[in-house]
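Reader: I'm new to this one. Could you walk me through it, a bit at a time?

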Amino acid sequence: IRARYRHFVVDEYQDVSPLQHRLLELWFGDRNDVCVVGDPHQAIHSYAGARADYLLDFVADHPGAKRIDLVRNYRSTPEIVQLANEVLVNRMTPEEPIYQALGDDASEASAVAMWIESRHAAGIPWSEIAVWYRINAQAAQLETALAERSIPYLVKGSERFYDRGEVRRSLDALARLAADEPGADPLRAFDRILAAQGWSAIAPDGEGDVRQRWESLQALHDLTVSVVDDGTRTLEELAAVFSRRAATQEAPVGDGVTLATLHASKGLEWDVVA
């Protein structure tokens with residue numbers, strides 16, 4: 001390893017375990033081309049033996065190392081930053097966050113769905129509401145609760161939109177058909193392609209993978225409706241639109257509440273989050 005690599009960069013260093021720390025030190029050897037990045041307040045793997053002091057003591061353990069503090073938050077409002085800082089030191093806030101404990105997962109999901117309904121009734125679009133959870137298994141109860149109230153929703157995974165199998169197959173078929181019938185009606189022709197992949201205008205009763213595949217195809221349909229309304233007139237033009245968007249990973253945004261793990265939500269923003 002030492003002979004192969006000269007520079008080392010380790011992210012999320014606050015979650016390094018003793019075994020990982022020992023391995024990294026062996027890799028580093030006597031090198032000083034090392035950069036570690038982390039935040040002790042985001043340490044979440046202590047249950048697996050992770051220790052934030054490896055990050056905090058890095059300068060002391062590596063003479064000559066320089067500590068650089070990044071203290072400005074560019075993504076959050078001052079109110080969110082203030083609340084986060086106050087929570088870290090266990091101080092009361094002028095406007096305390098709402099906390100509700102419920103007896104089981106089904107009750108929790110039902111309460112979240114009712115709260116979402118109230119936010120939408122207050123004027124928040126479905127697409128500006130999200131529910132975050134720790135692991136994907138927690139989505140099932142939420143999907144059921146939202147479906148029972150006819151609340152539209154989208155399940156966001158870690159896989160990029162244009163890398164999904166049903167999306168790739170649909171766009172490949174679109175490109176072939178555009179080459180054969182460039183002047184075809186774009187919406188009708190593409191809807192036939194989507195239908196061959198399992199799409200219908202009505203959401204399926206199933207959850208999990210079945211629902212996620214339908215959401216992907218529905219998003220393709222909705223975007224097609226939008227670009228046709230904006231002036232796209234041929235299948236060839238539609239194929240070009242999707243080609244440009246896929247090249248820049250510009251995924252369509254569906255009109256529904258987003259369900260996502262905390263990890264999958266990184267870098268994204270909503271007006272309201274449960």
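Reader: Which residues of strand 4 are on its covered face, and which on its uncovered one?

Author: Quick background: this is a predicted model, where local features need pLDDT of at least 70, side-chain atom pairs count only at pLDDT 80 or more, and totals for chains, interfaces and linings use all residues. Residues are numbered from 1 along each chain as its sequence is written, and side-chain values use heavy atoms, with hydrogens and water left out. Strands (E, at least two residues) and helices (H or I, at least four) are DSSP runs numbered from the N terminus. In strand 4 the covered face has Y153 and V155, and the uncovered one has L154 and K156.

Reader: Where does strand 4 stand in the sheet, and why is one side of it left without a neighbour?

Author: Four parallel strands make an open sheet, in the order 4-5-3-6; two strands pair if DSSP finds at least two bridges between them. Strand 4 (153–156) has a single partner strand, so one side of it has no neighbour in the sheet. That puts strand 4 at an edge.

Reader: Which residue in strand 5 is the bridge partner of V155?

Author: Strand 4 and strand 5 (257–261) run parallel, joined by four bridges. K156, for one, stands opposite A260. For V155, the partner is L259.

Reader: What does the side chain of E143 make a polar contact with?

Author: E143 sits in helix 6, a helix that packs on the sheet and touches strand 3, strand 4 and strand 5; touching, or contact, means heavy atoms within 4.5 Å. E143 counts as buried because its relative accessibility is 4% (buried is under 20% relative accessible area, exposed over 50%, partly exposed in between, with a 1.4 Å probe and protein chains only). A polar contact is a pair of N or O atoms within 3.5 Å; within protein, one must be able to donate a hydrogen and the other to accept it, and residues adjacent in sequence count only if both atoms are side-chain atoms. At 3.0 Å, the partner is the side chain of Y153.

Reader: What covers the buried residues of helix 7?

Author: The buried residues of helix 7 include V167, L171 and L174. L171 and L174 are also among the members with the most contacts to others in the largest nonpolar core, which has 25 residues (such a core is a set of buried Ala, Val, Leu, Ile, Met, Phe, Trp, Tyr and Cys residues joined through side-chain atoms within 4.5 Å). The cover includes helix 8, helix 9 and helix 10.

Definitions and conventions
Axes fitted to C-alpha atoms, helices over the stretch in contact; angles between N-to-C directions.
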